[in-house]
Each structure stands twice: as C-alpha cells, then as structure tokens.
Amino acid sequence: FPFPYAPYRIQEQFMEALYGALEAGRVGIFESPTGTGKSLSLICGALSWLRDWQEQRRQEEERLLALGQDGLAPQQDTAGQPDWVTAFVHSKEERDRVNRLKEEHIRRKKREDNLEKIRHNVQLKYAAKRKRCEEDEAKRLLQLSKEALSQGAGEGGLDQLDHNEEELILAEYESDDEKKVVSGLEEDDDDDLEEEHVTKIYYCSRTHSQLSQFVREVQKSPFGKDTRLVSLGSRQNLCVNEEVRRLGALQLINDRCMEMKKNKHEKKSDEENEGKKRRVSRTVCPFYSYEQMQFLRDEVLVEVKDIEQLVSLGRETKACPYYGSRFAIPAAQLVVLPYQMLLHEPTRNAAGIKLKDQVVIIDEAHNLIDTITCIHSAEVSGSQLCCAHSQLSQYMERYRKRLKAKNLMYIKQILYLLERFVAMLGGNVNQNPGCQAVSQTGTVLKSINDFLFESQTDNINLFKVQRYCEKSLISRKLFGFVERYGGPASAVKINKENQKLAGLQNFLLTLQQGSDKEGTPQSPPVEAEHDQLRTASPLMQIEGFLSALTNANQDGRIILNRQGTVGQSSLKFLLLNPAVHFAKVVEECRAVIIAGGTMQPVADFREQLLCCAGVDPARIVEFSCGHVIPPENILPIILCSGPSNQQLEFTYQTRDLPQMMDETGRILCNLCNVIPGGVVCFFPSYEYEKQVYGHWEKTGLLSRLSAKKKIFQEPKKASQVEQVLVEYAKCIKRCSQPGGQMTGALLLSVVGGKMSEGINFSDDLGRCVIMVGMPYPNIRSPELQEKMTWLDKTMPRAAGQAPSRVLIENLCMKAVNQSIGRAIRHQKDFASILLLDHRYARPAIFNKLPQWIRERTQVKPAFGSAFAELRK
C-alpha cells in the first residue's frame, strides 16, 4: 500500500521492513516523521499483511481438511512401539485437528454470513428497533402496575435502614480465592461468548482524539469498507448513562458502573426470593441489556465507527457502548485503543483483550517507558491517609452489626495499614494532619521489603487485601456513605484537579454540620467552589498504592517525602523496571511494532524495555525512514557563539549570568528582523523562561523585540493553551498582510510543557524553532538518582559510558527532538531550526538527533555565518 505523501523509495523500504517484522514475528522499532503519513501507512501495511496471512491460513486449512477426508497415512514407528499403536495415536491426533478446523470454519462462516446479512438487509435494523420499542412499552406498563399495587398495599418499614442506605452495606465476601468469573449475563449461553479470537491487529496511540482522527483516516482508506474495526475506550468516554456520567471522576464512574452491573446479576435472585424476605431496591443500568449489546456489536463490526459514532449508536439502540464494543473484540480484525489500556494488565484482562499470537502496533511511542512507569507508580498524601482512616472507621462503627465477619476483618486490616503508613510519615491518624508538624523533614528512599518491615505491615497479605478492595467495591460504598452524611447532595462537586486534597478536617466539618451549614440545596453557598469541595473517597487512591506494593522488591522503591506537616507529606511508589510489565506483551504477541515520528535515541527502548523484558536481540529490528520534504526545505543550525562572540553554554552555573541572557536576546532580535511569520523559542523550564523574560524587561530588550514581533508566553494552565494558540495564529495571519511594521509573533515555550508535544506549528506558525540550551532533567531529584543507581547496577556500560550518564543524555535529547519536530508538519512545509549551545556539536549528542535532521545540520562557530545562511 503506497504512503499518502512519501516518495516511492521510502514506500519500498518501509513495506519491506514492516512485512519482514510481521512475517518473522519480531519486535520492530519504527521511526517515520509525521509528514510521511506514518500512522495510516503503518496500519494499511499491517492490514495488507493480515489479509495475506489469513489467505495462507485458509489454504492450509483446506489442504488439511482434504487430507482428513481422504484418510491420513500412519507414521512409521520411532519409539519401538507396535505399528498399530503408532497409527492409532497419529490418526486420533489428526482427526481431532481436522474436527477443530471444521468447527472453526463453521463458526467463521456463520459469523461472516451474519455480518453480510446485516450489511445488506436494512429491514433487520428496523425490526430490531421496533422490537425494542415494544419491550420498552411493556416494561413501562409493568412498572405502572407495580406502582399501583404498592400504593394500594401501603408501605411498611421492615428495617431500621431505608432502601437507599441498604446499597451502602458491603455484600458478604465469601472467599479469598479468585473465583472463575463467567460473563454472568444471566440466561445467555450464546456461542458468541465462547468465540475464539481471530488473528488481529491492536493499534494503540496516546489519546482518544488521536485515535478518532486515525479511525477517520482508516474510513477513507482502501480498507475502510470491509475491515472489522472496534474502538475501545474508558467508561468516561463511552458511558451513555447520564446518571453515571454526572459523577465526573473516572474512578467513581468505574465503581458505579460495576456496582450497577452486579445489581443486574443479583436482581433475578432477589425477585425469586421476593415472597420470603424483604426485597432490596437496587439500581440497575437500563443500557446493560445483552440482546441490545449484541445488536450494537454487529453494527460495529459491519461498519467502521470512531468513539463518537459508537456513543451515538449506543444512545440510539439503548445499548452500552463500553460493554458492547468488548463483545466485538473476538471477531474484529483491527482493535483501536489507548495504549494505557493495553499496557496495564488488569485493565487488559477486564476488557477481554487476548494478545496470544496477535500483532500490536504502539504509535506515538516516544514516551512509552515513561508511560509504563507512570501507570504502575502511585502516590498518596498524609492528608488522604488520615481522611480515609476517619471515613472507614465511622463507616465500620455505623454498620458494624450489619457487616459479616470477613468484611470486618478486612476493614480492620485496611485501618491498620493506614495507621502504620501515617506513622511512617511521623504522624498519628487520630489527629488533624494539617496541624501535626513533622520532626524530621526530607526525602528517604526504601526498598519495598524494608518499608513493609519498618512499618510493621509485613505480616499482612497485601494480595488478599488488594483483591478484597477490588471485588467488594469498598471505595464506592465508602464514597456513598460520605456523600450521604456529608451534606446536601447539590453541594457535592467532583473536582478532578483537587481529588488529592481531601483532608480529614474538611470531612469532619461537613459531617458535623450536615444540612445545618450555611447555604441550602435551593441556594448553594458561594464558598462551595473553593472551601467546601468534597471529592471522591481517598481510599480509591490508596488502593492504587497497595497494588503497587505487590511488585517485586527489586523492581521498585518507596519514597517517603516528609514535609512541614503530615498532611503535606506523602508516600510514593516508584517503578524502576518498566520491562517487567512490558514482558508479557512481547512474550505473547506474534509481533510488536513500536512506532513514532521521533524515536531517537532508540537505545532506551532496546536496552531498558526489550532486553530487560527478555527479548532476544536477534528478534529486534530497527527502521528509520527519511522525511518527505526536500533537503532545501529545512535548515538546522548548531550555533556555538552569539553576535558578541559570547560562547553559548547554558549550564546550571552559567545560564543565569546577565551576559548569557543578553546574548540570547540579541540572537532573537536579529532573527526576528529577517524571519517572517511565527518564531517558537523553547526554554529548559518555566522558571528560567520567567527569569529571562524579567531580565529582558529591565534591560529594554523586550521592547525592541516587541517592535518586530508580538510576544506570547506559554501558560502553565492547560485550559489557557488553546486561547494563546488562537491569538498567536490570528496575530501571524494579521501581520502577513503587506503594509505593517510587525513581521509576525514570537512564542516563548517550555520543553516538556503544553506546546512541546502534539501541537502543529505548520507553515507560518513555525518558520523557525529555537532551542535555548540543553534541557537536562533535575539530577538532584531523588527519583532520578534512584533510577540512575539502579541502571548502573543492572545495565552494562555502553561505549565506555555509564548507563546513568546515557539515561540523562537520552532524556534530554528525547525532549529536544520532540520540540524541534513541531515545525515540519507536511511535504511542502519549510523551517529553520536553531540549537543554541555548543554542546550539541559533540558527537555523542549530535548522533542522537533524528536522522532526517542530523544529515542536514550545519555547525556554525560564529553567529555571522549562521545569520547569513538564515537570511538566504
């Protein structure tokens, strides 16, 4: 399949590498700049291979089926056994294999015929819709009759607790062992539930918006009409139940959904025992209907749909898109999902994703190692620990007589864990964490075993506690308890940004004041926006920390960060070995493609992720293709000194010097005089950008810059980024008209900030990208120091360099490569790239630039020659 934009030479190289990796079952690291149409080319090439592969499988099956009908010749005896024994064993194995092939063939034919029928028979859709309407009407009439009967019979209180409070009681926890969880969809013994997964491609990217954009490209491709594609997402993106969506926080939505699903399964047994005991009112989801989800599954497989279209279909069919899309996974040829869902094993298993002998493509994978580390790390504050202890203690006291013994046992274990964790921070759970001063401040790192031993929790089975939290939905019950007794429901607000700030004092205040506090449901208080925010139960965050503690001792560290008070202090689990969680992916899959527009330097992927995961080096293949732009469309320059011959070296010791900041300003003034449109200047950090900006204001250099280009600064808040970009683009468009004195706009950005990834400064938005210094990470960070120590102990030295030194350089250059790649976005785009630091010319650093930039880069010792090149 041809690239959308790339020349034939690149097409040929790319397809040869991709086919080779998929055919041989390798782990491929693919680098292809954005202008080549990387994502679409990857998937079209992979789908082409998949079709060839399936055709080969079909031919092989037909050959074996033909052999099975004609009779199979017995093999010769090789173990000294009688010929008739060998012949019998051999023929039985072959018969079993032929029978399996026949079953697979029948199942596949049935599925394909069914989808073809739905695709071409519009009447089936109307019939299904009419049947839904009839069922809805029948349910409505039944409900009306039940309400009439209950009003006639009168209401009786059979218990001290009302029916809303009954939902807060934990169900009996019967066993510590994992029970085999059947799909549990009541009376459904459909063959589709046991359908085997066909060979498929799992395509992963970073965000839902990127996936939606990718699906739209697939719809326009030659494979769009007859590819069975499924888009997976979180409940937050796919839920169509407005009652659940209103909860806002992802963890609350997840817990509420699972609880309603559990109620659906328990409803039948409740109805059977209605005459014998009081029936508990349970809320069930009206969209969780197996028949309707089957219909949604078929619709998804018939026609390619993105997440927005899937949600619209779910509302129309009154079927849950989250579970309906899962039912479509076995028969799908292409599954599109965020890579967080694939990389986290519990999420992967819950979604029904089976990687055995499948193909996985991870796009936008430049930060794959950081993503895996982040997913499996966890942090809890002292305030959260104390708040959770207070909430759980009061919950246990209120419902002690209604809780079974095993529930009480596990709740007491969780309370003990919380108590000991707060003690490790130097506090007491019975006191206000905001008022408890910490005697010894600072940061301490411990291994998992040492932390558990010192906190006296090594005698508790954390695996069982974690499993209990997951199965009992205790965090959801606890949140419902706090929601019920924490004040009027209308005052409850879920604020994602403040989820980690819920403290004991705020909880006790709302618990004591209840409905007597200022402001009523009819007139909510103004302070609710700030002081009275009540968030999700902190136990949800603590569950993640308990899960992290079950990692192997050598794979992570616990960071005790003791600040001024216990409330400000925190416990953090840091994952050191991301390969341990990636190993299962590469072991099970037939082939894995790790792709990105800027993957350099790739040594991190090869050594930290793949070799540590046990991948044979012979199985790893690397491929990097050139850019589609002609050589004259890009001018990368490494500038070693400024206009006044000041050497450019932005180290921590020299970058704060006034002469260095002045020299940077002079360079920008000269460039803004000759470069039209937009200039994007990247600084190593927000603090340094602010410092330089303030210095330019004092010296008057800022006013000289403003005479030629309007100056914009990258905001710290994500919500303001879009507004700044819109104003920046408007200014450049306005200045492009002849007659004005200003030539465009200057955007001061930060490496690793909001505008260094995922933003397109195409055409006039980015005619020049300037990198001020080298954005090395903070080497004094305890997390980074521990990672460096771990690498030096476990990794071999490469080319005489310590692994820790290589890590620092790689982190720096990955950030640089992502930032400077913002300018060239399509085949006809052009821009200059200026790297302000003589250290970029060192061979070890220079070789870590992307190949398409490196082979066109010029090193300029003096500013004069660089300026002349830029003018040309």
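A residue counts as partly exposed when its relative accessible area lies between the buried limit of under 20% and the exposed limit of over 50%. All views below come from a predicted model.

**View 1. Asp357 sits in a loop and has a positive phi.** The loop runs between α14 (345–350) and β5 (359–362). At 48% relative accessibility, Asp357 is therefore partly exposed. Its phi is near 60 degrees, and Asp357 is not a glycine.

**View 2. The whole chain gives the setting.** The chain has 872 residues, and 52% of them are buried. It holds 33 helices and 18 strands. Take the contacts with a separation of 6 or more: 82% of them join residues 24 or more positions apart.

**View 3. Helices α16 and α17 pack together.** Packed helices are described by the angle between their axes and the distance between the axes. Here α16 covers residues 382–399, the angle to α17 is about 155 degrees, and the axes are 9 Å apart. Angles over 145 degrees count as roughly antiparallel, so α16 and α17 are roughly antiparallel to each other. Their crossing is left-handed. On the α16 side, the contact includes Leu385, Ala388, Leu392 and Met396. On the α17 side, Leu408, Ile411, Leu415 and Val422 are among the residues involved. By class, this contact has 13 nonpolar, 2 polar and 2 charged residues.

**View 4. Helix α17 also meets α19.** Helix α17 spans residues 405–424, and α19 spans residues 462–472. Their axes come within 11 Å and cross at roughly 115 degrees. The two helices are therefore roughly perpendicular to each other. The crossing of α17 past α19 is left-handed. From α17, the contact draws on Asn407, Tyr410, Ile411, Gln413, Ile414 and Leu417. From α19 come Leu462, Lys464, Val465, Tyr468 and Cys469. These residues divide into 8 nonpolar, 2 polar and 1 charged. Ile411 of α17 takes part here, and Ile411 is also in the contact with α16.

View 5. Gln456 has a phi near 60 degrees, a positive value in a residue other than glycine. With a relative accessible area of 44%, Gln456 is partly exposed. Asn461 is partly exposed too, at 38%. Which residue lies 48 residues from Asn461 along the chain, with its C-alpha atom 9.6 Å away? That residue is Gln413. Gln413 belongs to α17 and is part of the contact with α19.

**View 6. Helices α25 and α26 cross.** Helix α25 covers residues 658–674, and α26 covers residues 686–699. Their axes come within 10 Å and cross at roughly 80 degrees. So α25 and α26 are roughly perpendicular to each other. Pro658, Met661, Asp662, Thr664, Gly665 and Leu668 of α25 take part. They meet Tyr688, Gln691, Val692, His695, Trp696 and Thr699 of α26. The contact has 6 nonpolar, 5 polar and 1 charged residues.

**View 7. Helix α29 has buried residues.** Its 13 residues, 782–794, should span 18 Å at 1.5 Å a residue. The end C-alpha atoms are 18 Å apart, which agrees. Leu784, Glu786, Lys787, Met788, Trp790 and Leu791 are buried. An α-helix has 3.6 residues a turn, so residues three or four places apart point the same way. The cover over the buried residues of α29 includes strands β7 (442–447) and β8 (556–562). Helices α24 (603–611) and α30 (803–820) are also included in that cover.

Notes. Residues are numbered from 1 along each chain as its sequence is written. This is a predicted model: local features need pLDDT of at least 70, side-chain atom pairs count only at pLDDT 80 or more; totals for chains, interfaces and linings use all residues. Side-chain values use heavy atoms; hydrogens and water are left out. Helices (H or I, at least four residues) and strands (E, at least two) are DSSP runs, numbered from the N terminus. The expected span of a helix is 1.5 Å times one less than its number of residues. Buried means under 20% relative accessible area, exposed over 50%, partly exposed in between (1.4 Å probe, protein chains only). Contact means heavy atoms within 4.5 Å. Axes are lines fitted to C-alpha atoms, for helices over the stretch in contact, and angles run from 0 to 180 degrees between N-to-C directions. Angles under 35 degrees count as roughly parallel, over 145 as roughly antiparallel, 65 to 115 as roughly perpendicular and the rest as oblique. A crossing is left-handed if the near helix is turned anticlockwise from the far one by less than a right angle, and right-handed if clockwise. Ala, Val, Leu, Ile, Met, Phe, Trp, Tyr, Cys and Pro count as nonpolar, Asp, Glu, Lys and Arg as charged, and the others, Gly among them, as polar.
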